[in-house]
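Try each task before you read its solution.

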Amino acid sequence: MADGLYAYALTRADVADRVATTGIHGAPVTTVTHEGLAALVSTVDLDEFGEDGLRQHLEDLDWVRDVAFAHDDVVREVAQLGPVAPMRLATVFFGADSVVERLAGMAAELTEVLDRVDGRSEWSVKAFSQREDPAQGSEEKPLSGRDYLARRKQQAQARETASERHVDAVEALHGELAQLALAGRHLSAQDRQLGGYTGEMIMNAAYLVGDEDAERFRGLVEERPAPAGLRFTVEGPWPPYSFAVLEQG
């Protein structure tokens, strides 16, 4: 039964030296270093995490959830101590030599990424549009077909006006957040069932924010007035998943 090394995150060697945690299946997290850079890894069974094992287990949502939680726990632990570049979920190496080779190959890029996110965290801002149907609450019957069509036109115009107000409010908020943040990314809307929300998610954005500006950033979202039917949320600070992307292929 062969073993491999599951990689959680990359960081500077002096940061990695201070990490003391466990990873998948409670395995100790150790470090592999190369010229001041380090990978946080733990030993895994290749029957489970090899190509064939992963193909099978990635169909098991409970397994994926458990691995993802363990992965994120390690990334967050590193982020508490210094800059971190999270690895993709289920990145597995055959041994320490393979990890060193990867660190050497991406040293310049990794150094640049760690410098970019040092002292900064990721914040998530979402906007949910819950427009009321203008037809709801009106029990008066139309007097004629012409009256019915006129009402439908008015309702459509009211919905369009509400939609425009929501879009304008989102764009205005983004403009203020972008001035404070060091970087921002628009992401695809989350699946409604997975996200557990109603209405339409019309904004799903991530921002890289200096830790010294965190409370001001949060306040810009939480204290901002919004048109009727529009709701903003802000979550963070998180490890910079959206801003520490490395070419890991």
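This is a predicted model: local features need pLDDT of at least 70, side-chain atom pairs count only at pLDDT 80 or more; totals for chains, interfaces and linings use all residues.

**Exercise 1. The chain as a whole**

What percentage of the 249 residues in the chain is buried?

Solution. Buried residues account for 39% of the chain. Next, the inventory: the chain has nine helices and eight strands. Turning to contacts with a separation of 6 or more, 78% of them join residues 24 or more positions apart.

**Exercise 2. The cavity**

Find the cavities of 30 Å³ or more and characterise the lining of the largest cavity.

Solution. Start with the count, which is one cavity of 30 Å³ or more. The largest cavity holds about 40 Å³ of space. Now list its lining: Leu10, Ala39, Met87, Phe93, Val99, Arg102, Leu103 and Met106. Sorted by type, these are seven nonpolar residues, one charged residue and no polar ones. Sorted by element, strand S4 (85-93) and helix H5 (96-105) each give at least two residues, and H5 has the largest share with three.

**Exercise 3. Aromatic pairs**

Classify the ring pairs Tyr6–Phe49 and Trp123–Phe217, and place each partner in its element.

Solution. Two quantities are needed, the distance of the centres and the angle of the planes. The structure holds six aromatic pairs. For Tyr6 and Phe49, the centres are 5.7 Å apart and the planes meet at 80 degrees; over 60 counts as edge-to-face, so that is the class of this pair. Tyr6 sits in strand S1 (residues 3-12) and Phe49 in helix H2 (residues 46-49), so the pair ties together parts 43 residues apart in sequence. Both Tyr6 and Phe49 are buried.

The pair of Trp123 and Phe217 is tilted, with 6.1 Å centre to centre and 50 degrees between the planes. Trp123 belongs to strand S5 (residues 120-129) and Phe217 to helix H9 (residues 214-222), so this pair ties together parts 94 residues apart in sequence. Trp123 is buried at 1% relative accessible area, and Phe217 is buried at 0%.

Finally, look for a cluster: ring pairs link Tyr6, Tyr8, Phe49 and Trp63.

**Exercise 4. One glutamate**

Is Glu51 buried or exposed?

Solution. First locate Glu51, which lies in helix H3 (residues 51-57). Its relative accessibility is 64%, and exposed means over 50%, so Glu51 is exposed.

Notes:
Residues are numbered from 1 along each chain as its sequence is written. Side-chain values use heavy atoms; hydrogens and water are left out. Helices (H or I, at least four residues) and strands (E, at least two) are DSSP runs, numbered from the N terminus. Buried means under 20% relative accessible area, exposed over 50%, partly exposed in between (1.4 Å probe, protein chains only). Contact means heavy atoms within 4.5 Å. On a 1 Å grid over the protein atoms alone, a cavity is a set of points where a 1.4 Å probe fits but cannot get out, and a pocket is an open set with protein on both sides within 12 Å along at least five of seven lines; lining residues have an atom within 4 Å of a point. Grid points are joined across faces, edges and corners, and a volume is the space filled by probe spheres set on the points. Ala, Val, Leu, Ile, Met, Phe, Trp, Tyr, Cys and Pro count as nonpolar, Asp, Glu, Lys and Arg as charged, and the others, Gly among them, as polar. Rings of Phe, Tyr and Trp (its six-membered ring) pair if their centres lie within 6.5 Å; planes under 30 degrees apart count as stacked, over 60 as edge-to-face and the rest as tilted.
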